[in-house]
Amino acid sequence: MKSQERNYIADIERYFLGLAGKGLMLSARDYSFIRELGERSVSKEMVIKAIAYGFEQKRQRGAQEPRGLFNIRHEIEDYLRTHSVERESKQATPRNAAFTRSSIIEQVLKRLDRIIVEEKREDIRGKYEELRRRVGETDGAGSANIYKQFDLLWRDFMGDVFSGLSTERQKQITDTALSRIPAKAKLYDEDARRKTLNAFRDEIVCETLGINNVFTMK
C-alpha cells in the first residue's frame, strides 16, 4: 500500500474514532468503505466533513452514536451527493485519486498468487486460479464500485467450492447453516432467506476448509 493511501485511511480513521470515543476499532467493512471512497477520488477533507455531518444527523434524530463508519454510510453518501462529489470525482484525473483501481486489483492478485503457490489441494487451487483470472479481467470492467464486483466474485467462488464437495458434506454444511439462522429469518422473503442461508453456508465452508476472503484479508 502506498504512503498516500495509508495516510488517507489513517487520517479518516483517526477522525472518526476521535468522534466515536475510545475503545472502538474500525471493522473490515469500514476499511472497505474508506477504500471505496478513495477509489472514487473523494478527498480526505470531504470525507471528514461528511463524517461530521453523519454524527450531527444521528444526534438530531436522537439515535445511538455510531459504533462504526459503516453505520453512517447513508449520511455520508447524502452529504457527498449534496456537494456534487460524484460529479467532481468523474472529472478528476486518475493520479489525483487516493487509490487507483489498478493498485487495488494488484493487491488482490498478489494475495491470490501467494495462495495458489501455497495451496496443496489441487481442486481448491484450480478454483483459486479461476478466481485470479476473473479478478484480472475486472481491471477493465469500468465500474466505479470495484467492491461490488469483488463481492460477486467471492460469492461465485464460494458457491463453486461448495458445489465441489461431496453430497454428504454439502448436506452436513447446509444443516449446520440452517441451525445458525436466527428465528426472525422466518419473516424474510424467499430471496432474503436464501441469501442468509448462503452467507452462513459460506462462513462454515471457510471455517471447515481454512479459506479466507482474499478481498478483505490483509
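Visitor: Is the crossing of α7 and α8 left-handed or right-handed?

Guide: The crossing of α7 and α8 is right-handed, where right-handed means that the near helix is turned clockwise from the far one by less than a right angle, and left-handed anticlockwise. Please keep in mind that this is a predicted model, in which local features need pLDDT of at least 70 and side-chain atom pairs pLDDT 80 or more, while totals for chains, interfaces and linings use all residues. Residues are numbered from 1 along each chain as its sequence is written, and side-chain values use heavy atoms, without hydrogens and water.

Visitor: At what angle do the axes of helix α7 and helix α8 cross?

Guide: Two packed helices are described by the angle and the distance between their axes. The axes of α7 (residues 122-138) and α8 (residues 146-163) cross at roughly 160 degrees and come within 11 Å. That makes α7 roughly antiparallel to α8 (under 35 degrees is roughly parallel, over 145 roughly antiparallel, 65 to 115 roughly perpendicular, the rest oblique). Helices are DSSP runs of H or I with at least four residues, numbered from the N terminus, and axes are lines fitted to C-alpha atoms over the stretch in contact, with angles from 0 to 180 degrees between N-to-C directions.

Visitor: Which residues in α7 meet α8?

Guide: I124, K127, Y128, L131, R134, V135 and T138 in α7 do so, and among their partners in α8 are I146, L153, W154 and F157, contact meaning heavy atoms within 4.5 Å. By class, this contact of α7 with α8 has nine nonpolar, two polar and four charged residues (Ala, Val, Leu, Ile, Met, Phe, Trp, Tyr, Cys and Pro are nonpolar, Asp, Glu, Lys and Arg charged, the others, Gly among them, polar).

Visitor: How many degrees is the angle at which helix α1 and helix α3 pack?

Guide: α1 (residues 3-20) and α3 (residues 44-60) pack at about 20 degrees, with axes 10 Å apart, and are therefore roughly parallel to each other. Their crossing is right-handed. Y8, I12 and F16 are among the α1 residues that meet α3, whose side of the contact includes V47, I51 and F55.

Visitor: What is the angle between α9 and α10?

Guide: Helix α9 (residues 167-180) and α10 pack at about 120 degrees, with their axes 8 Å apart. That makes α9 oblique to α10, and the crossing of α9 and α10 is right-handed.

Visitor: Where is S41 found?

Guide: Most residues other than glycine have a negative phi. S41, found in the loop between α2 and α3, has a positive phi of about 70 degrees although it is not a glycine.

Key. Helices (H or I, at least four residues) and strands (E, at least two) are DSSP runs, numbered from the N terminus.
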